[in-house]
Amino acid sequence: MIAISLLSGLGFAPGLAAPLTGAGYAKIGPLSMYYEVHGAGKPLLILHGGGSTIQTTFGAVLPTFAAQRLVIAPEQQAHGHTADADRPLSFGQMADDTAALLRQLHVGKVDVLGFSNGAGVAIELL
């Protein structure tokens, strides 16, 4: 079964500034979390599937999303550009990491699109 979750308007921190477009790493506890930011507009957080990456899950649709939205796309612990850390991997932990990233980027309310395991992370963000 494939799960897709779309949540609207989750708030994490006051929207102090819009993130710049590009890619980077955020230090979150023991994790150096890779993320990309594309486009401009209302923020959309996209969460890739398990064992996947930003590009393998959303590569074909990312340009379409970024044409009208500010797309924030992290790669979770032990996925893609984000190395593993010496701690358990769980939906709850990935949600905590993602919320910390949004706070570091000074993103306020976001819409969330999670695919497969990303949907599990999205639900934990509630």
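A residue counts as partly exposed when its relative accessible area lies between the 20% under which it is buried and the 50% over which it is exposed. His 106, with a relative accessible area of 34%, is therefore partly exposed. The model described here is predicted, and the chain in it holds four helices and six strands. Of its 126 residues, 48% count as buried.

**Overall architecture**

- Read from the N terminus on, the elements of the chain follow the order β-β-β-β-α-α-β-α-β-α.
- Among the contacts in the chain with a separation of 6 or more, 75% are accounted for by residues 24 or more positions apart.
- The chain exposes about 6,100 Å², and carbon and sulfur atoms supply 59% of that area.

**Nonpolar cores**

- In soluble globular proteins, nonpolar side chains tend to be buried together.
- The largest nonpolar core in this model has 24 residues, and those with the most contacts inside it are Leu 45, Leu 47, Leu 101, Leu 105, Val 112 and Leu 125.
- At least two residues of this core come from each of strand 2 (22-28), strand 3 (31-39), strand 4 (42-47), strand 5 (69-74), helix 3, strand 6 and helix 4, while the largest share, six residues, is supplied by helix 3.
- Apart from this core lies another, of 10 residues, which includes Tyr 34, Leu 44, Ala 66 and Ala 73.
- When its neighbours within four places in sequence are left aside, Leu 45 is in contact with Ile 72, Pro 74, Thr 98, Leu 102, Val 110, Asp 111, Val 112, Leu 113 and Leu 125.

**Salt bridges**

- Side chains of opposite charge can pair when their charged atoms come close.
- A search of the whole structure finds three salt bridges.
- One of them joins the side chains of Lys 42 and Asp 111, at 3.4 Å from N to O, and this pair links distant parts of the chain, with Lys 42 in strand 4 and Asp 111 in strand 6, 69 residues apart.
- Asp 111 has a relative accessible area of 8%, which means that this residue is buried, given that buried residues are those under 20%.
- The side chain of Asp 111 also meets that of Arg 69 in a salt bridge, at 2.7 Å from N to O; here again the pair links distant parts of the chain, with Asp 111 in strand 6 and Arg 69 in strand 5, 42 residues apart.
- Arg 87 and Asp 97 form a salt bridge through their side chains, at 2.5 Å from N to O, which links Arg 87 in the loop between strand 5 and helix 3 to Asp 97 in helix 3, 10 residues apart.
- Both partners of that pair, Arg 87 and Asp 97, are buried.
- Through salt bridges that share partners, Lys 42, Arg 69 and Asp 111 are joined into one network.

**The surroundings of His 79**

- His 79 lies in the loop between strand 5 and helix 3, and because its relative accessibility is 10%, this residue counts as buried.
- A polar atom of the side chain of His 79 lies 2.7 Å from the backbone oxygen of Gln 77.
- Leaving aside neighbours within four places in sequence, His 79 is in contact with His 48, Gly 49, Gly 50, Gly 51, Ser 52 and Leu 89.

- Most residues other than glycine have a negative phi, and most peptide bonds are trans.
- His 106, in the loop between helix 3 (91-104) and strand 6 (110-115), is a residue other than glycine with a positive phi, near 60°.
- Ser 116, in the loop between strand 6 and helix 4 (117-124), likewise has a positive phi in a residue other than glycine, with a value near 55°.
- Ser 116 counts as partly exposed because its relative accessibility is 24%.

Key: Residues are numbered from 1 along each chain as its sequence is written. This is a predicted model: local features need pLDDT of at least 70, side-chain atom pairs count only at pLDDT 80 or more; totals for chains, interfaces and linings use all residues. Side-chain values use heavy atoms; hydrogens and water are left out. Buried means under 20% relative accessible area, exposed over 50%, partly exposed in between (1.4 Å probe, protein chains only). A nonpolar core is a set of buried Ala, Val, Leu, Ile, Met, Phe, Trp, Tyr and Cys residues joined through side-chain atoms within 4.5 Å. Contact means heavy atoms within 4.5 Å. A salt bridge is a side-chain nitrogen of Lys or Arg within 4 Å of a carboxyl oxygen of Asp or Glu. A polar contact is a pair of N or O atoms within 3.5 Å; within protein, one must be able to donate a hydrogen and the other to accept it, and residues adjacent in sequence count only if both atoms are side-chain atoms. Accessible areas come from the Shrake-Rupley method with a 1.4 Å probe; for residues, only the protein chains shown count as cover.
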